[in-house]
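Please read the points below beside the structure.

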Amino acid sequence: MTPIATPGQTVGPFFHLGLSYDRDSELVPPGSPAAVVLRGRVLDGDGHGVPDALVEIWQARPDGTIAVEPGSLRRDGWTFTGFGRASTGPDGTYAFTTVAPGPTEPGRAAFLAVAVFARGLLNRLFTRAYLPGDTAALAADPLLSALPEHARRTLVAEADGQGFVFDIRLRGPAETVFLRYPGQRP
Amino acid sequence: MNPLAVPARELEPQSVISSEMAALDAGYRGAGVTETQPRLDYPPYRSSLARHPGRAAYDVDPETIERCAPCFGARDVDPLDADLTVGHPGAPIGERTVVTGRVLDGDGRPVRRQLVEIWQANAAGRYAHGRDQHPAPLDPNFTGAGRCLTDDDGWYRFQTIKPGPYPWRNHRNAWRPAHLHFSVFGTAFTQRLVTQLYFPGDPLFALDPIYQSIVDPRARDRLVAAYDHDVTSHEWATGYRWDIVLTGPGQTPLDAEAQDGGGA
Ligand SMILES: [Fe+2]
């Protein structure tokens, strides 16, 4: 018999005390070669920024390989661990300094795995931030191609001068598509 | 009465929240379908109203990156990080207590050498956080944040101070049951969990919409640690035991390869 999973609970308003740390959102140092900024806003159902949300990303390297490297909590400035965490500011904005992940298999669409936590959100949400650009790979992606256009749009980041913009809408007409993986029960 | 607080008269009384919770509880018991996780849509927790998705999550098979998890090691965590009672000039005020247990994946296997993070209020119910306005004393000898790595059998262990309950403004005279916030990683990113540990017998359980958002009584009881006299130590600290089971597949890419590897 498989054990039943421990229930989640909200991260609450004071998560910075336990979860934030120095350079938590800097997967690579700002200004380093190939550095991009992945930024966006976490928005509630009224379109207001969520000032007490936490966004986590987990991603491959630009060549599509996955780091098995400790050091996310004490960044040494050169080890790429693939993991980062950013808490939102007063207007709901978060920002990471990272590198663009490559596809983990040739020809597949590249994306960052994203987990979202917030006060008022009773359990974490999973989503994906796909990178724009490789239109053939995006069109062939099993998840994206199964979604209607308005939903698909919520999962693809937009390129800007510094990197990518990926807004996370918790609720509302343009609500982000959130994901459930096998084995996860209500 | 707290003289600094904004008048609370515009907040709803506990009775309004309690009757909403009772109605949701009756609805759940009548539905006959077992739930195991909190509802994201749980109106008695007022902050959830604008912050829960309107649509159900989309079922998807994890891709390669999602079947792996971030790696943490001795470089990330100092062994002293697991003792929240040290690192200050003196000893913190409160009931010294040890909380320990195992982190298991969805197949019941231990999650080895993986990160567990906790944060909490002090014994007076106050967080060492700039946004906590509860007029209870800060403790100069207590910060309330800890980390550890699980061992090769999935065990974590923290020494800390039992937190106090604290008021919040969900409604008038709202109090959270005493709790530790836990953040846990598994062997796959899909197993990521943030939750709260509670202590047995808390009189605030029935009144708290965050705890009650897990509408199944057996499911919410999984967040309550067990007093364990074998963890309690002579003339030193009380002890609690709490195991954490992660959701989703505990599959490593290697397992997946072996299974997908055709033929066999
Ligand atoms: Fe709390």
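1. Arg180(A) has Asp59(B), in S1(B), as its bridge partner. The two strands involved are S10(A) and S1(B), the latter spanning residues 58–59, and they pair in the parallel sense over two bridges. Strands are DSSP runs (E, at least two residues) and helices are DSSP runs (H or I, at least four residues), numbered from the N terminus. Two strands pair if DSSP finds at least two bridges between them.

2. This is a predicted model, in which local features need pLDDT of at least 70 and side-chain atom pairs count only at pLDDT 80 or more, while totals for chains, interfaces and linings use all residues. Residues are numbered from 1 along each chain as its sequence is written, and chains are lettered from A and ligands numbered from 1 in the order in which they are written.

3. Chain A gives 63 residues to the contact and chain B gives 70 residues (in contact: C-beta atoms, placed from the backbone, within 7 Å). On the side of chain A that touches chain B, helix H1 (16–19), strand S5 (111–118) and strand S10 (179–180) are the elements that give two or more residues.

4. In chain B, strands S4-S3-S8-S9 form, in that order, an open sheet with antiparallel pairing. Strand S4 (145–149) and strand S9 (193–198) stand at the edges with a single partner strand each, so one side of each has no neighbour in the sheet.

5. Strand S3 (residues 115–120) and strand S8 (residues 179–184) of chain B run antiparallel and are joined by five bridges. Ile118(B) has Phe182(B), in S8(B), as its bridge partner.

Notes
Contact = placed C-beta atoms within 7 Å.
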